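Hi there,

Here's the structure I promised to pass on.

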Amino acid sequence: MTKNGKRHIANKVGVNPEVALELQEAVAFIKSKSNSKFDETIELALNLNIDPSQSDQTVRGVISLPNGIGKDVKVAVFARGDSADEAKKAGADIVGAEELVDEVASGKINFDRCISTPEMMPLVGRLGKVLGPRGMMPNPRTGTVTNDVSAAVKLAKAGAVEFRAEKGGVVHAGIGKASFSEKEISENIVEFVSAVRKEKPSGAKGTYIKKVSLSSTMGPGVSVDASGI
């Protein structure tokens with residue numbers, strides 16, 4: 001039988017999974033339990049009352065959080081010619097065309113977000129099996145398939161968070177760091193939840209957001225009262 005470590009046991013003290021905390025209380029609790037030697041990521045999970053397998057119940061979008069995410073986002077851009085030059089000037093970390101497609105197809109993915117011009121999508125579309133499961137496939141809906149690569153790169157580097165409902169209707173996102181103030185974390189959560197609410201599909205019935213959970217990389221998770229966000 002696997003034994004729980006002292007930190008794991010200590011972190012569980014005070015957690016009641018049956019009780020949904022008010023937002024400020026939940027944030028304060030999670031910060032108090034984030035005691036690792038590194039700056040833990042604060043993670044949010046929303047359980048939505050949807051069926052993602054239905055075409056009229058998809059949830060996907062992108063949001064630029066007011067306080068960023070506390071991470072240096074590495075951005076790749078699939079582009080040629082002038083668009084490639086614009087991407088480089090905007091701060092893209094990796095820019096390429098066919099050669100970049102080949103690299104990614106071989107499994108070499110050393111970036112966090114990727115953007116593509118419409119011109120490149122016939123080639124990039126072949127990477128669906130590689131980028132899709134990672135939630136990194138460029139999509140016009142999230143502004144990652146665009147001719148304005150400069151604006152898209154700047155948005156991504158500023159800490160824009162792309163989200164989509166996974167199997168089971170759950171949306172996950174890192175919304176900050178443990179080093180952020182309680183106010184900064186709370187503001188990011190409110191903004192993120194608001195963005196997800198705006199993407200409520202027409203086919204969704206009943207209570208849209210069933211459950212909100214908050215946790216840190218190494219800490220416990222707590223339920224948050226969605227009605228107060």
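Below is what turned up in it.

This is a predicted model, so local features need pLDDT of at least 70 and side-chain atom pairs count only at pLDDT 80 or more, while totals for chains, interfaces and linings use all residues. Residues are numbered from 1 along each chain as its sequence is written, and side-chain values use heavy atoms, with hydrogens and water left out.

Let's start with the sheet. It's an open one of 3 strands, in the order β5-β4-β6, with parallel pairing (strands are DSSP runs of E, at least two residues, and helices are runs of H or I, at least four, all numbered from the N terminus; two strands pair if DSSP finds at least two bridges between them). β5 (94-96) and β6 (113-116) sit at the edges with a single partner strand each, so one side of each has no neighbour in the sheet. β4 (residues 75-78) pairs with β6 over 4 bridges, and Phe78 has Ser116 in β6 as its bridge partner.

Next, the rings. Searching the whole structure gives 1 aromatic pair (ring centres of Phe, Tyr or Trp, using Trp's six-membered ring, within 6.5 Å; planes under 30 degrees apart are stacked, over 60 edge-to-face, the rest tilted). Phe163 and Phe192 make it, edge-to-face, at 5.4 Å centre to centre and 70° between the planes. Phe163 is in strand β7 and Phe192 in helix α8, 29 residues apart. Phe163 counts as buried at 2% relative accessibility (buried means under 20% relative accessible area, exposed over 50%, partly exposed in between, with a 1.4 Å probe and protein chains only). Phe192 is buried too, at 0%.

Cheers!
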